[in-house]
Amino acid sequence: MGEAQVSLEHLFRVFTKPEHKDSKLAQIEQHLSDNILDFLSQHVVTKKTSLEEIEQDFCLSQVPESPEFVSAHAESLLDKLVAHSVNTYSPTFIGHMTSALPYFHLPLAKLLVGLNQNLVKIETSKAFTPLERQVLGMMHHLVYEQPDEFYQHYLHSARHALGAFCSGGTIANITALWVARNKILGPKGGFAGVAKAGLAAAYRFYDIQQLGVMCSRRGHYSLSKAVDALGLGRQQLLTLPCPQQTLDPRQALEHGKRYQEDGNRLLAIVGIGGTTETGHIDPLDELADVAKELGCWFHVDAAWGGATLFSEQYRARLKGVERADSVTIDAHKQMYVPMGAGMALFKNPEDANTVRHHAQYILREGSKDLGATTLEGSRNGMAMMVYSSLHIFGRRGYELLINQSIEKAKAFAHMIERHPDFELITSPTLSILTYRVCPQAIQEKLRTASKEERHQINQKVDRLVVNVQKLQREAGKSFVSRTRLETPQHPDRPVTVFRVVLANPLTSHNDLAAILAEQHLIATNNRVWQDLDEGKYSLTA
Ligand SMILES: *Cc1c(COP(=O)(O)O)cnc(C)c1O
């Protein structure tokens, strides 16, 4: 199909010539920039194709031998890829943390790709380097609110970093704990430090059995990747139970003390500034005290919730974040920037030096090359998208977006509470909430049932929730995610719940009412609902 000539002449054209305006790619481009919503609704068609069927389109493992015409290729992309992707702009897709983007990102993305700057070093990025440093400074200020002189001194200093820009929250968390590890097991006396001598030597020198990181069970799985990658081992991620959804500072202190008395050392406490599953915020101020008492690093994972700091009304919910040694914030979540924009911010601009690397041909000593203190090497200029968003929205614009998300979540929570066949499981601290469908009669039955009966019934309700979530997703009109949670309402065992993230500002109250109505309709037509109605609680019934 559409085989092109194998000649340098043809390839040079591919490099230099824009597509003819009637070509498929040019049409796609025009349609995208005229109206992306219309483009997506026309091309992302929800066919009931299973993943196995889709895999058939991607089953060849040989590199195609001959070049293909760009236009022909664009056609095949529409058919194989776009048609079976997810319409993230739909206001009824309320299950993900990354969603619709503001329009201006489309032309900006073209500019970004067009310029193709590499932020690893000044030579390949020029103005992008000071821009990225300024973005880090603005976000640092949002968290730590240091005086002007502080930023005048550190913003562009070659020997300091206010943070590390990276591809996302995962890398930001790893970076923050990497800095913490290298600082806590740093050079001392005759010891060269963990960065040079390695972990085994560091444990011997500091006379410790294990190095651990503590967080609640709601800690993001990236923390588990971090302790793995940093050589501490996944068993040293100490996750404490949190039936109330947040880390209990008293428990954290006791657990930390016991851990250290056994010959171990606590590297860090991680407070979560908006958990991925329920949006709860750990008591950061109290956890800062605990970290101080235990003598460990305090990291706040505010990948999702950090943007709440833009809101005068809600920023107090993150009180204590300014005491953290490091903070993770993802711009690609509540800051509406395309994916690939995370940040680790450091309270102390000296700390990034614990991971500083130099190389002869690149990252020379004394240079302002950002790559010297980032985990990633070649990196694009995503900071521009954050820079532009910060200017185009301004703090007050972001404040409005954050406030409306939280208010909408509260309104949805009321809708759920008023509905007899739904049960609100966690009410929104920010703009995430969880709930489940459960027939009213069953909710009443659960109040008086024995432990054994409760267990059986809840298993059956879990099944109902899973079925409804899957069937709704397959129907393709709307999407709500699901998770399993320990909750105070159902203390015996975790329950399966719907999880809603109100990310898209265009999601309306009517959309939310329609999603709930659709779930109710799917549920009442499900066999599990009939079983519950007839008192058949056993899963095999
Ligand atoms: C999303 C998230 C992460 C991971 O961020 P990525 O950008 O997906 O790598 C980490 N922590 C929390 C709390 C998050 O919500």
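**His-220 first.** I started with a polar contact: the side chains of His-220 and Ser-222 are joined at 2.8 Å. Worth noting before going on: I'm working from a predicted model. I then looked up where His-220 sits, and found it in the loop between strand S2 (211–216) and helix H12 (221–229). Is His-220 buried or exposed? With a relative accessible area of 17%, His-220 is buried, because the cut-off for that is under 20%.

**On to the ligand.** I listed the residues around the ligand and got 15. Which of them come nearest? Those are Thr-170, Asp-301, Asp-330, His-332 and Lys-333. I also checked which element gives the most to the shell, and that is helix H9 (residues 169–184), with three residues.

For Asp-301, I have a side-chain N or O atom 2.6 Å from a nitrogen atom of the ligand. Asp-330 reaches an oxygen atom of the ligand instead, with a polar side-chain atom at 2.7 Å. His-332 also has an oxygen atom of the ligand by its side chain, 2.8 Å from a polar atom there. How much of the ligand's accessible area does the protein cover? I noted 87% of the 370 Å² that the ligand has on its own.

**Domains.** I looked up how the protein chain is divided: domain 1 spans 8–85, domain 2 spans 163–355 and domain 3 spans 405–533. Taken over C-alpha atoms, the centres of domain 1 and domain 3 are 38 Å apart.

**Surface patch.** I went looking for nonpolar surface and found a patch of about 390 Å², made by Leu-8, Leu-11, Phe-12 and Val-14.

**Asn-380.** Last entry. I found Asn-380 in the loop between strand S7 (342–346) and helix H15 (383–418).

Key:
Residues numbered from 1 in each chain as written. Predicted model: local features only at pLDDT ≥ 70, side-chain atom pairs only at ≥ 80, totals over all residues. Heavy atoms only, no water. Domains from an automatic or database assignment. Patch = residues over 30% accessible without salt bridge, like charges linked within 9 Å, V, L, I, M, F, W, Y side chains within 5 Å. Areas by Shrake-Rupley, 256 points an atom, 1.4 Å probe, with all protein chains shown as cover. Salt bridge = Lys/Arg side-chain N within 4 Å of Asp/Glu carboxyl O. Near = heavy atom within 4 Å. Polar contact = N/O pair within 3.5 Å; in protein donor to acceptor, adjacent residues only side chain to side chain. Helix = DSSP H or I, 4+ residues; strand = E, 2+ residues; numbered from the N terminus. Buried < 20%, exposed > 50% of the residue type's maximum accessible area, 1.4 Å probe, protein only.
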